[in-house]
Amino acid sequence: MTMSHTGGRRRPPTIHDVAREAGVSRGTVSRVLNGGHYVSPAAQEAVNAAIRKTGYVVNRHARSLITGRSDSVGFLLTEPQERFFEDPNFNVLLRGCTQALAAHDIPLLLMLAGTEDERRRITRYITAGHVDGVLLVSSHSGDPVAQELREAGVPLVACGKPIGLGSKVSYVAADDRDGARDMVRHLLSLGRRRIGVVTGPLDTPGGVERLAGYKEVLAEEGLPIDDALVVSGDYSRASGEAGAERLLAQAPDIDAVFVASDLMAQGVLAALQRAGRRVPQDVAVGGFDDSPAAVAASPELTTIRQPWDRISAEMVRVLLAQIGGEDPAAVILPTELVKREST
């Protein structure tokens with residue numbers, strides 16, 4: 001490794017050291033570092049070998065002054081901070097996006113904005129150019145962040161279709177409605193007819209679409225939509241527990257529950273156990289996500305698998321394409337029914 005000594009301190013290798021080691025000009029090294037345009041394969045290999053030998057690391061700040069880019073991406077979660085630590089889906093998605101960006105040598109900045117003040121500060125930070133684009137997670141209708149970022153021209157990809165923004169914002173989503181339909185059909189196939197539902201927040205795309213899938217299948221089977229069988233939650237375990245208690249009070253004859261997230265389903269299982277209802281003998285329970293919460297539940301949850309690896313990879317692909325100048329795009333990925341012990 002090439003290191004110079006100045007006053008007893010080692011100087012990190014520079015672009016000059018790489019050029020000298022490779023036997024090429026500084027300009028050639030610079031072109032290799034910025035994509036390899038107009039560089040012969042032999043020169044590119046010599047530069048790459050010199051970078052490895054010298055241990056040269058790109059000075060991202062210096063390069064950003066030239067390119068006008070930060071070479072970083074934001075992962076923005078518009079939920080209270082405790083939700084990030086409670087809900088395993090966010091961690092799975094964050095890990096997948098981090099890995100997908102690492103293949104492009106782009107760091108990911110985690111941003112939590114659960115309050116109005118936090119959203120204002122982070123929106124200012126983003127629109128000032130500190131990141132090249134944003135992966136937006138858990139956007140509620142009426143949340144101004146997506147609209148403000150879009151109007152500021154910030155490349156943006158949402159996880160789930162943002163309500164009210166139509167085709168103006170790129171998004172990647174699992175097919176929530178179809179997944180819900182599969183789960184309700186499965187519960188009906190077991191002979192269950194009084195199927196309750198604990199919805200997600202109805203100001204989010206997942207909450208709306210999963211409830212719609214539930215209602216569609218009941219209507220197709222000629223079963224009435226009973227308001228006593230529908231309660232709402234916020235994707236937290238506590239809201240699932242409270243939702244199950246409401247269902248048991250309003251419709252004590254329920255024989256199944258479709259729960260719009262695995263974490264809420266854990267709460268439903270706890271409430272049913274406390275009420276003396278056996279799962280699945282008395283009440284079958286189906287979740288949604290196939291998150292770590294599904295296999296941590298007792299009994300293990302039958303659920304709808306969201307393809308988290310593909311979702312995160314597609315979010316990164318679509319965002320990088322948009323940063324590169326492409327138009328917004330929408331990607332909808334299929335879900336899968338996973339049968340376990342709770343049905």
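**Reading the sheet and helices of a predicted model**

Author: Six strands build an open sheet with parallel pairing, in the order β4-β3-β5-β6-β7-β13. At its edges are β4 (108-112) and β13 (330-333), each pairing on one side only. From one strand to the next, the twist averages 15°.

Reader: What should I know about the model and its numbering?

Author: This is a predicted model, where local features need pLDDT of at least 70 and side-chain atom pairs count only at pLDDT 80 or more, while totals for chains, interfaces and linings use all residues. Residues are numbered from 1 along each chain as its sequence is written, and side-chain values use heavy atoms, with hydrogens and water left out.

Reader: Thanks! How many bridges join β7 to β13?

Author: Let's begin with the terms. Strands (E, at least two residues) and helices (H or I, at least four) are DSSP runs, numbered from the N terminus. Two strands pair if DSSP finds at least two bridges between them. Here, β7 (residues 170-174) and β13 run parallel and are joined by four bridges. Tyr 171 stands opposite Ala 330 in β13.

Reader: Which strands does helix α14 touch?

Author: Contact means heavy atoms within 4.5 Å. Helix α14 (residues 308-323) packs on the sheet and touches β3, β5, β6 (156-159), β7 and β13. For directions, axes are lines fitted to C-alpha atoms, for helices over the stretch in contact, and angles run from 0 to 180 degrees between N-to-C directions. The direction of α14 makes about 160° with that of β6.

Reader: Is Ser 72 buried or exposed?

Author: Buried means under 20% relative accessible area, exposed over 50%, and partly exposed in between (1.4 Å probe, protein chains only). Ser 72 has a relative accessible area of 7%, so this residue is buried. Look for Ser 72 in the loop between α4 (60-67) and β3. Beyond its neighbours within four places in sequence, Ser 72 is in contact with residues including Ile 106, Pro 107 and His 130. A polar atom of the Ser 72 side chain lies 3.3 Å from the backbone oxygen of His 130.

Reader: At what angle do the axes of α1 and α3 cross?

Author: Angles under 35 degrees count as roughly parallel, over 145 as roughly antiparallel, 65 to 115 as roughly perpendicular and the rest as oblique. The axes of α1 (residues 15-22) and α3 (residues 41-54) cross at roughly 120° and come within 8 Å. That is why α1 is oblique to α3. Among the α1 residues at this meeting are Asp 17 and Val 18, and among those of α3 are Ala 46 and Val 47.

Reader: And where do the axes of α1 and α2 stand?

Author: The axes of α1 and α2 (residues 26-33) come within 9 Å and cross at roughly 105°. These two helices are therefore roughly perpendicular to each other. Their contact involves Ile 15, His 16, Val 18 and Ala 19 of α1, and Arg 26, Val 29, Ser 30 and Leu 33 of α2. Just after α1, Gly 23 takes a positive phi of about 75°.

Reader: Which residues of β10 lie on each side?

Author: In a regular strand the side chains alternate between the two faces of the sheet. In β10 (residues 256-259), Ala 256 and Phe 258 are on one side, Val 257 and Val 259 are on the other, and all are buried. Strand β8 (residues 195-199) runs parallel to β10, joined by four bridges. Strand β11 (residues 284-286) pairs with β10 in the parallel sense over three bridges.

Technical notes: A polar contact is a pair of N or O atoms within 3.5 Å; within protein, one must be able to donate a hydrogen and the other to accept it, and residues adjacent in sequence count only if both atoms are side-chain atoms.
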